[in-house]
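This report describes a structure made of two protein chains. Please look at the sequence and the model first, then read on.

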Amino acid sequence: MTATTTTPTRTPPPERSGRRGAALLQRLVVVRELGILAALVLLIGITLIANPRFLSGQNVRDLMLSAAILVVLAAGQTMVIITRNVDLSVGSVLGLSAYATGTLLANMPGTPVVVAVLAGMAVGALCGLLNGVIVAVAKVPSLVVTLGTLYAIRGLDSLWGSTSGRLQINATDLPTGFKDFGGARVLGIPVLFLVAIAVVVVVGIHLRSYRSGRELFGIGSAPEAARLSGIPVGRRVLVAFVVNGALAGLAGVLYAARFQTLDTTAGTGLELNVVAAAVVGGVAIAGGTGSAWGAALGALLLTTIGTSLPQLGLDPFWRDAAVGALIIAAIALDKSLTDRLAARLRGRNLRGR
Amino acid sequence: MAVDTSAGPAAPARPSRAPRTLPSGSVITTFLVVFLVVAGFAVDGFASSRNAGFLLLDVAVVALIALPLTLIVVTGEIDLSVASTVGLSSSVMGWLWFQGLPLELIVPLVLVLGAVLGAVNGLLVTRLGLPSLAVTIGTLALYRGLAFVVLGDQAVADFPRSWTTWAISSIGGTGIPNVVLPLLVLVAVTAVVLHATPIGRSLYAMGNSEDAARFSGIDVGRTKLWLFVAAGVVSALGGVYWTLRYGSARADNATGVELQVIAAILLGGVSIFGGSGGLLGVMAGALLLASVRNALQLVNVPSDVLNIVTGVLLIVAVVAPQVTGWARGRLASRPPG
């Protein structure tokens, strides 16, 4: 501070330097998201050259439908990962919610779609509440807690399925209204995908512009500092888990609406795909950075890889390998970008002095 | 800091309490023993030597992979790719056998492959400084994907009888599977390394504070790299054993087993943040999970319940110490009288 007053001509005022740092960080996030977008465009471009009909109406709609579920899950997971936590139970929550929604609709065909959606989200929110309470109140690492609930919720789901006498819910069990919701389009775009976009926009704006959203970043960057500066850390983390649970519940409803045939294994193993989508989308696994848009782009990219590999004449067996390589490339890129940013900010401070 | 006065009286009590702490893993071991005794009496057929043999066969791969993974978790890192390494090893083993190579040559080749896969993880974590959780989620997908690239959805099942029967038969009709002997040797070696050598102590030091460990002269990067290599080799060994035990090399072998291994480790009292826990607890954790599964199957409880039990056990295992710690804190801070 004293140094700045002695050499005022060469040194920017400290707050401006801080603001420039923030601007740099902002630019980094934008660059990062443009990077995934470029990768996505590149992938689609190459696939188009191999098969000009890749972007035909039906293909694109299938792609959107496949992506919708992963996009919703990735947006929710982003909120949790930003707080330096993780929720591995989302695949099981999706399964339970899908089965609950399916059972509700099969038993009471008159249920309006909105009620079915809310019921699925409520089931998910309850699961999220369970996770959040254990993580925030008992202060147990979320990786362990949600690994436990991954097993427990899946067990509950399949126990329900095997005791209710309805091992599988088929399209014939579901009311027409719900099936129409699954196939509905607005201006040619599947409604399920529009729901996913709406989720991303809401979560994205909340994370970017609302105090409770910004505080999640503070918690993830430095939990102790966040606590000392008066952020209600426990409550924020709890709410992030509840919202993520509700979104996993919503994803369960979308699953039921899309496939219209489901059993209690729905969503098994999905958790790693979700975390992968978020990580590819620039959400740092150590917390503190990321955005819902990025995670959604990551989910889109992972889904597109799955559909474009066969078009490129590659065996679909390459999909998992490509996804794995992409995750590693993404985190390596993030690391080098943040290292360079840190070095630049440090250099700026040194010159400032 | 303001509560200093209330914490004051508790402070001198601390040192006297410390020697009374039980060795790590003793709670879960006690729990295992109690469960085995109760199940032995209450569950028909649980205590038979035939059943014990099956139980040990089932637990072998989980216990095997848990050995190096425990060391990794103690240093504060994690490796989620172990089960995919099992799958890729199994695929490559099947492919090489299909190409007509003898198993005597295939097994060392597969172990070398495991070392390479582990080294990839280790180099990404230690040289590039990437978080091991994210790296190994990546290699979990990558290695499993490569397993499918190698073998597709085919299975190679014509391995020589002499090898596959060894994998499931027992030592001279005692009911103890052959595989238990080499497994016990590896458990003993790992236990000695972790609990009785400077290397083991350096792992705990890294887990507690990596900076402090580095300043005290420990080569953190190199140690971690070798741990990941060890996890790769041992997982490849698990892949060889898995293939022989089920007599079939498939790309999807051992899918999801990483979660079972990690559940065993955490149940055994190893902190996910590193720096604490021991091998005894981990082995007890692995045995407990397998025994509960086995006993529930014998009384025809559906496997769904088992998932619930596994999950609840895991959560209870980590929440319980927190609750007792909190209760103890309340008791200690209560003014005397």
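## Terms and model

The expected span of a helix is 1.5 Å times one less than its number of residues. Helices (H or I, at least four residues) and strands (E, at least two) are DSSP runs, numbered from the N terminus.

This is a predicted model, in which local features need pLDDT of at least 70, side-chain atom pairs count only at pLDDT 80 or more, and totals for chains, interfaces and linings use all residues. Residues are numbered from 1 along each chain as its sequence is written, while chains are lettered from A and ligands numbered from 1 in the order in which they are written.

## Chain A as a whole

Chain A has 14 helices and 4 strands. Its C-alpha atoms fill a box of roughly 80 × 55 × 35 Å along the principal axes. The radius of gyration is taken over C-alpha atoms, and the globule rule is 2.2 Å times the number of residues to the power 0.38. For 353 residues a compact globule would have a value near 20 Å, and the 22 Å of chain A agrees with this.

A residue is buried if 20 or more other C-beta atoms lie within 10 Å of its own, exposed if 12 or fewer, and partly exposed in between, with C-beta atoms placed from the backbone. Of the 353 residues of chain A, 47% count as buried. Two residues are in contact if their C-beta atoms, placed from the backbone, lie within 7 Å. Of the contacts in chain A with a separation of 6 or more, 80% are between residues 24 or more positions apart.

Helix α6 of chain A covers residues 142–164, 23 residues in total. From its first C-alpha to its last it reaches 32 Å, close to the expected 33 Å. Since 17 of its 23 residues are buried, α6(A) is largely enclosed by the rest of the structure. Just after this helix, A:Gly165 takes a positive phi of about 75 degrees.

A:Ala248 lies in helix α11 (residues 233–259) of chain A. Is A:Ala248 buried or exposed? A:Ala248 is buried, as 36 other C-beta atoms lie within 10 Å. Beyond its neighbours within four places in sequence, the contacts of A:Ala248 include A:Leu73, A:Val90 and A:Gly124.

## Chain B and a pair of its helices

Chain B has 15 helices and 2 strands. With a radius of gyration of 22 Å, close to the 20 Å from the globule rule for 337 residues, chain B is as compact as a globular protein of that length. Buried residues make up 45% of chain B.

In chain B, the axes of helix α8 (residues 161–168) and helix α12 (residues 220–246) come within 7 Å and cross at roughly 100 degrees. Axes are lines fitted to C-alpha atoms, for helices over the stretch in contact, and angles run from 0 to 180 degrees between N-to-C directions.

## Where the chains meet

The contact between the chains takes 40 residues from chain B and 42 residues from chain A. On the side of chain B, α7 (132–151), α13 (257–267) and α15 (303–333) each supply at least two residues. Which of the helices gives the most to this side? It is α7(B), with 14 residues.
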